[in-house]
Amino acid sequence: MEWNFAPVIANLDILLLGLLNTLKVTGLALSLGVPLGLGLALMRLSQNRPISMISEFIIEFFRTTPPLVQLFWFFFAFPILFNINMTPYLAAVVTFSIQSSAFFAEIFRSGIQSIDHGQWEGSKAIGMTRNQSLRRVILPQAVKRMIPAFMERSIELLKTTTLVSTIAYTDLMYQANSVAQSTFRPLEVYSVIAAIYFILIFGFSQLSIVVEHRLAKSGEGTVN
Amino acid sequence: MDHNWDFATIFTNWRVYWVGLQATLLMFGVTVTLGMLGGLLIGILRYIKHPAAAWPARAFVEVFRNTPVLVQIIWFYYAFPILTGVETSPFLAAVLGISLNTMAFSAEIYRAGIQSIDKGQWEAGKAIGMSFTQTLRRIILPVALKRVLPALTNRGIEVFKMSTLASIVAYNETLSQAKLIAELNYNPIESYTAVAIIFFVVLYPVVQGTYALERVLNRSDR
Amino acid sequence: MSELIRVENLHKSFGTLEVLKGIDLHVNSGETLVLLGSSGSGKSTLLRCINFMETLTSGRILLNGDAIGSETRGKITYKESDLCKLRTRIGMVFQHFNLFPHMTVLQNVMEGQLTVLGRDKAEAAEKSMIQLTRVGLADKAAEFPSRLSGGQKQRVAIARALAMDPDVMLFDEVTSALDPELVGEVLKTMRQLAEEGMTMICVTHELGFAYHVANRVLFLNEGTIHEEGDPQSVLRNPQTKRMKEFLEGHALFKLPE
């Protein structure tokens with residue numbers, strides 16, 4: 001057998017459109033998933049028992065069920081249940097926003113809980129409310145510690161978005177399938193998109209390592 | 001929301017789900033075993049930094065950690081046979097993709113575990129005349145493995161969820177079977193909800209167990 | 001001298017463990033009170049109840065004659081907003097400083113004034129510099145806490161509490177986490193505050209400080225006030241066996257006179 005990349009190069013525009021859509025879904029799910037995750041984390045840390053339990057259930061449910069099952073549910077079941085139109089794009093964004101928010105919630109929670117209890121006391125003693133303490137004192141410190149975990153989770157999200165190809169959203173994976181079928185060159189096509197994903201993800205994880213080192217160097221931890 | 005939930009067809013078709021669940025468990029059993037054992041080997045290779053082993057081990061880990069599992073499965077299903085002339089069944093393609101991916105992830109877990117052990121332990125082993133492998137097997141690994149147990153369990157949970165990806169190459173695991181039922185009976189709501197519930201019911205106790213394990217391990221040693 | 005704080009029949013339990021078993025206490029304006037006691041005697045808990053860092057199990061606390069909390073049908077409830085307002089009038093300094101590591105010294109001192117008191121930036125900065133000068137750290141205003149010594153951190157924490165213009169200051173073992181040679185600078189700052197007329201309640205193991213600075217010393221034992229009086233008589237002539245043992249424990253390895 002012989003490698004022949006000409007068909008791949010001829011269809012590069014199709015693959016690049018797929019890459020763009022992959023980044024679009026990832027970016028959108030990220031920008032919705034992070035605030036949603038913060039909300040879930042705050043609910044889970046709430047002193048109100050029922051609120052905390054509801055949030056815990058949502059988080060655990062979306063962490064323990066496979067993302068592909070969630071995607072199928074939001075694409076095939078959800079529209080019938082609520083009688084709305086669901087496009088592959090919308091289903092992908094909804095699924096991955098909620099799915100990643102469950103993971104982000106746990107990152108937020110462990111970040112907030114990692115902050116020394118004295119920080120709550122210090123802000124409480126100068127008359128701050130719980131919300132003020134959280135916003136001004138706890139979160140700014142916690143977010144810095146959470147950045148490595150955030151980046152790791154974002155990488156996982158990027159990888160998970162390949163699933164949208166199964167409901168016919170034109171991401172990189174889906175475009176690769178159609179190019180492979182039309183050119184009869186699956187070996188070259190799938191090897192090339194594997195390489196594209198690798199460059200993207202490897203680059204991003206190298207970046208996160210650099211950021212992590214920077215943070216470790218500048219890190220002043222808690223005062224003690 | 002005026003949908004009338006009707007799980008009757010799910011119960012009458014329980015055998016279809018049962019076939020799927022068995023296939024899921026088989027897939028999980030094979031991939032988790034290969035992945036965790038192979039990962040241990042690669043993790044040790046990564047740790048010892050032997051010039052002949054270090055580079056290939058690193059390359060393996062980076063490639064399989066930094067590409068999506070689905071791409072790996074599809075590659076093994078469609079591209080690998082062309083490259084090697086070896087036909088891959090849906091089962092084999094999924095096993096290869098998921099196992100190799102798991103090997104790469106668990107290798108890094110093992111490596112971090114071994115690295116977390118105090119250098120003094122190696123020196124103590126050496127001082128009483130133990131060889132490298134003896135020290136590794138008798139002193140370092142028992143403690144390191146205990147430390148990484150929660151991380152490995154979490155990885156195992158991910159592997160279990162990953163088994164659904166085999167449905168994409170038409171392996172008849174739980175999600176494929178649910179899809180079949182959904183299409184035959186026009187009841188996607190119940191059939192997919194049932195899969196979600198099955199996974200939740202299986203994994204929720206495992207997740208809770210992991211939390212308990214972490215608490216126990218945090219209390220003992222360190 | 002007017003009465004600033006009154007504690008009436010204060011009980012505090014953690015679960016089944018009763019830490020405070022009915023404390024009555026009053027502090028006059030301008031007075032320095034020192035709470036002594038071995039660990040587990042409840043002295044820190046008592047201090048933390050005064051500004052409601054801990055919720056009371058029963059009893060009540062009056063500030064300037066006003067009872068804190070609202071009483072309905074014999075049960076006292078506390079609103080978060082009321083407690084926050086209260087804490088601006090009662091400053092507190094902790095054993096482990098609890099400075100905010102992501103803010104500079106100046107920002108630390110300004111923070112409460114900005115977010116809680118609603119002062120504008122210029123005013124808050126000005127007041128902060130006055131307090132930092134008072135504790136001798138005006139030149140460190142732009143530093144981050146991580147660059148300071150323990151003693152300097154603790155003086156910043158004192159300035160942060162003072163910047164809220166509190167009526168009374170609580171000190172919770174503020175020198176216990178410091179290296180021995182840094183204890184002096186913090187005690188000196190506290191003594192200076194006492195001399196300037198600040199009302200202070202201090203939990204401390206520094207008997208010398210109690211002897212020279214306090215107007216009154218309270219010895220806590222097993223959740224009750226065991227002995228009370230002016231420092232000269234209490235520390236020189238303890239009346240109870242427990243107090244004697246406590247003082248002997250502290251004097252075990254003193255340099256010979």
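Predicted model: local features only at pLDDT ≥ 70, side-chain atom pairs only at ≥ 80, totals over all residues.
Residues are numbered from 1 along each chain as its sequence is written, and chains are lettered from A and ligands numbered from 1 in the order in which they are written.

**View 1. Packing of helices α2 and α7 in chain B.** Helix α2 (residues 14–48) and helix α7 (residues 132–162) of chain B pack at about 140°, and their axes lie 10 Å apart. Axes are lines fitted to C-alpha atoms, for helices over the stretch in contact, and angles between N-to-C directions run from 0 to 180 degrees. The two helices are therefore oblique to each other; angles under 35 degrees count as roughly parallel, over 145 as roughly antiparallel, 65 to 115 as roughly perpendicular and the rest as oblique. From α2(B), B:Phe28, B:Thr31, B:Val32, B:Gly35 and B:Met36 meet B:Leu152, B:Gly156, B:Val159 and B:Phe160 of α7(B) (contact: C-beta atoms, placed from the backbone, within 7 Å). The residues of this contact comprise six nonpolar, three polar and no charged. Here Ala, Val, Leu, Ile, Met, Phe, Trp, Tyr, Cys and Pro count as nonpolar, Asp, Glu, Lys and Arg as charged, and the others, Gly among them, as polar.

**View 2. The contact between chains A and C.** Chain A contributes 21 residues and chain C 27 residues. On the side of chain A that touches chain C, α6 (117–125) and α7 (130–160) each supply at least two residues. That side of chain A divides into six nonpolar, 10 polar and five charged residues. Chains B and C do not touch, and their nearest C-alpha atoms are 22 Å apart.

**View 3. The hairpin of β1 and β2 in chain C.** Strands β1 (residues 3–14) and β2 (residues 17–28) of chain C run antiparallel and are joined by nine bridges. Helices (H or I, at least four residues) and strands (E, at least two) are DSSP runs numbered from the N terminus, and two strands pair if DSSP finds at least two bridges between them. C:Val7 stands opposite C:Leu25 in β2(C). Two residues lie between the strands of the hairpin, in which C:Gly15 takes a positive phi near 60°.

Notes: Contact = placed C-beta atoms within 7 Å.
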